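Q: I am new to this structure and would like to know what lies behind the words used for it. Could you go through them with me?

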Amino acid sequence: MKKVLITGGAGFIGSHVVRLFVNKYPEYQIYNLDALTYAGNLESLKDIEKAANYTFLKADINNSQAIEDLFMEFAFDNIIHLAAESHVDRSINDPMIFVKTNVIGTVNLLNAVRKFWGPNFDNNKRFYHISTDEVYGSLGTEGLFTEKTPYSPNSPYAASKASSDHFVRSYGETYNLPYVISNCSNNYGPNQFPEKLIPLFISNIIENKSLPLYGDGNYTRDWLFVIDHAKAIDLIFHKGLNKSTYNIGGFNEWKNLDLVKVLCEIMDVKLNRQKGASAKLITHIEDRPGHDKRYAIDATKINKELGWEPSVTFREGLEKTVDWYLENSEWMQNIVSGKYQKYHMD
Ligand code: NAD
Ligand code: TDX
């Protein structure tokens, strides 16, 4: 029986990973460790919160003693580490919390692992670090990020994730810690906090508010449905090669403006609005400082080595996402009102 610690399980991607593992592996014990920052929302997990193989642990990865105490009590034997500050705009306004959580928090976990699993690591144990394509910096109009692309982070968020990736790798080289890292493109789907492009714009369209598009909107992102990311994480966790890196992406590049136009079209239909009504809300605003021009992932390695590929097209994923936000308006209202932060106390 594995005892899998998933950090950041109350966040967007983490909630989908926790759900998948709790449902698919009843023989594993799944521990969701999360500090419940503004981005943590246990309401996203209410369907599995009573499962026999699920335990929630409220803790901060910046508190090394608290982390060691939990290792002592629960003897985790595998970790999938997602807890992080994740929003680029917030990192521009306040870089230090990104250094603390993403860098020092990750090193705290690595040190706990070294203390409790080392010095002779058994290869059934694994530290799986979840990272982003933003560590590679920005592409020009041509080419794709491969696992060999040099790191060149441009935002404080990307720099903090790059640093954490380097620390994980260095613990593998220096202490022989068994690890794997994956770098994924932009995720979208149910339960994403409405500060990120897609849920923010869905929410604003519903409320007839303007859609603040940075600059000319010609920035390119590579979008992946969050459940396909969770499935890739499952595969890499179980079958990924020790001490290696996998890029994850759906070969699905979109310029922001084109994506927002498609989203507006879908929303017009779903909300029974006149064709073109939502697109009228698009407002070009001052650009994000250091805005990366283009991200695009080459996902050949995970496809060839592990047989992973996305299960939905972008159109299907986007429709599912819009439907989810329309059917779960209370989830969004609880965020807007702040009620979601009291969910675990109810
Ligand atoms: P999120 O912001 O939705 O969730 C982060 C979670 O971490 C929250 O539940 C939060 O409470 C928790 N957390 C934050 N600080 C903590 C701390 N000090 N101690 C314990 N828990 C803490 O993030 P997300 O979008 O789900 O991203 C999850 C991971 O995936 C991150 O590591 C991120 O860098 C990476 N990633 C995200 C994307 C994306 O498009 N969202 C793409 C690639 C990689
Ligand atoms: O209001 C907005 N207007 C706008 O034009 C927002 C929130 C975003 N944008 C643009 C900026 C980006 O080009 O849309 C694109 C996507 O922005 P975000 O949703 O903020 O994502 P991004 O900055 O690309 O980073 C995301 O992908 C990689 C996640 O937030 C990271 O956690 C992940 O690692």
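A: Gladly, beginning with a crossing: helix 1 and helix 7 (residues 226–239) cross in a right-handed way. A crossing is right-handed if the near helix is turned clockwise from the far one by less than a right angle, and left-handed if anticlockwise. Please keep in mind that this is a predicted model, in which local features need pLDDT of at least 70, side-chain atom pairs count only at pLDDT 80 or more, and totals for chains, interfaces and linings use all residues. Residues are numbered from 1 along each chain as its sequence is written, while chains are lettered from A and ligands numbered from 1 in the order in which they are written.

Q: Why is helix 1 called oblique to helix 7?

A: Their axes come within 9 Å and cross at roughly 55°. Angles under 35 degrees count as roughly parallel, over 145 as roughly antiparallel, 65 to 115 as roughly perpendicular and the rest as oblique. The angle therefore makes helix 1 oblique to helix 7.

Q: Which residues make that contact?

A: Helix 1 brings F12, I13, H16, V17 and L20, and helix 7 brings V226, I227, H229, A230, I233 and D234. Two residues are in contact if their C-beta atoms, placed from the backbone, lie within 7 Å.

Q: What makes helix 4 roughly parallel to helix 5?

A: Helix 4 and helix 5 (residues 156–175) pack at an angle of about 15°, with their axes 8 Å apart. That angle is why helix 4 counts as roughly parallel to helix 5. Helix 4 passes helix 5 in a right-handed crossing.

Q: Why does N124 count as exposed?

A: N124 has 9 C-beta neighbours inside 10 Å, so N124 counts as exposed. The cut-offs are 20 or more other C-beta atoms within 10 Å for buried, 12 or fewer for exposed, and partly exposed in between, with C-beta atoms placed from the backbone. N124 lies in the loop between helix 4 and strand 5.

Q: How many residues surround ligand 2, and which are the closest?

A: There are 16, and the closest are S86, T132, K196, L197 and Y214. A residue is near a molecule if its C-beta atom, placed from the backbone, lies within 6 Å of it. Strand 8 gives the most to this shell, with three residues.

Q: And which residues are closest to ligand 1?

A: Ligand 1 is surrounded by 31 residues, the closest being G8, G11, A39, G40 and A84.

Note on methods
Helix = DSSP H or I, 4+ residues; strand = E, 2+ residues; numbered from the N terminus. Axes fitted to C-alpha atoms, helices over the stretch in contact; angles between N-to-C directions.
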